[in-house]
Amino acid sequence: MTHAIRIHETGGPEVMRWESIEVGEPGPGEVRLRQTAVGLNFIDVYFRTGLYPLPSLPGGLGMEAAGVVEAVGGGVTTLKEGDRVAY
């Protein structure tokens, strides 16, 4: 089962929730990653507190990460399953 820290409203650390999430197949131009490292930085704090608005809620934290490509959507030509990536 996949889990993520999600926020459903802005606020202090108490708004963060460890939740089970559904991860589907990647769509066109997308890849699905198995994340191996996630960085939490001040921008994540700003999103959580509402200083910087998130595109939508609920949302997740961790704007920087590294991992391994697990699946590739249609039209993706520069990555393949097993590639190591960072963003």
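Analyst: We'll go through a sheet, a loop residue and a helix. Keep in mind that this is a predicted model.

User: Sheet first. What is the strand order in the open sheet of three strands?

Analyst: The order is S3-S5-S6, and the pairing is antiparallel. Strand S3 (31–39) and strand S6 (84–86) are the edge strands. Each of them pairs on one side only. From one strand to the next, the twist averages 30°.

User: How many bridges do S5 and S6 pair over?

Analyst: Three bridges, with S5 covering residues 64–72. Val68 stands opposite Arg84 in S6.

User: What about the loop between S5 and S6? Is Asp83 buried or exposed?

Analyst: Asp83 is found in that loop. Asp83 counts as buried because its relative accessibility is 17%, and the cut-off for buried is under 20%.

User: Which side chain makes a polar contact with Asp83?

Analyst: That of Lys80, at 2.9 Å. Leaving aside neighbours within four places in sequence, Asp83 also touches Gly67, Val68, Val69 and Thr78.

User: New topic: helix H1. Which residues are buried there?

Analyst: H1 spans residues 42–49, and Asp44, Phe47 and Arg48 are buried in it. They cover an arc of only 100° around the axis, so they lie on the same side of H1.

User: And what covers those buried residues?

Analyst: The cover includes strand S1 (2–7), strand S2 (16–21) and S3. S3 is also an edge strand of the sheet.

Note on methods: Residues are numbered from 1 along each chain as its sequence is written. This is a predicted model: local features need pLDDT of at least 70, side-chain atom pairs count only at pLDDT 80 or more; totals for chains, interfaces and linings use all residues. Side-chain values use heavy atoms; hydrogens and water are left out. Two strands pair if DSSP finds at least two bridges between them. Helices (H or I, at least four residues) and strands (E, at least two) are DSSP runs, numbered from the N terminus. Axes are lines fitted to C-alpha atoms, for helices over the stretch in contact, and angles run from 0 to 180 degrees between N-to-C directions. Buried means under 20% relative accessible area, exposed over 50%, partly exposed in between (1.4 Å probe, protein chains only). A polar contact is a pair of N or O atoms within 3.5 Å; within protein, one must be able to donate a hydrogen and the other to accept it, and residues adjacent in sequence count only if both atoms are side-chain atoms. Contact means heavy atoms within 4.5 Å. The arc is that of the directions from the helix axis to the C-beta atoms.
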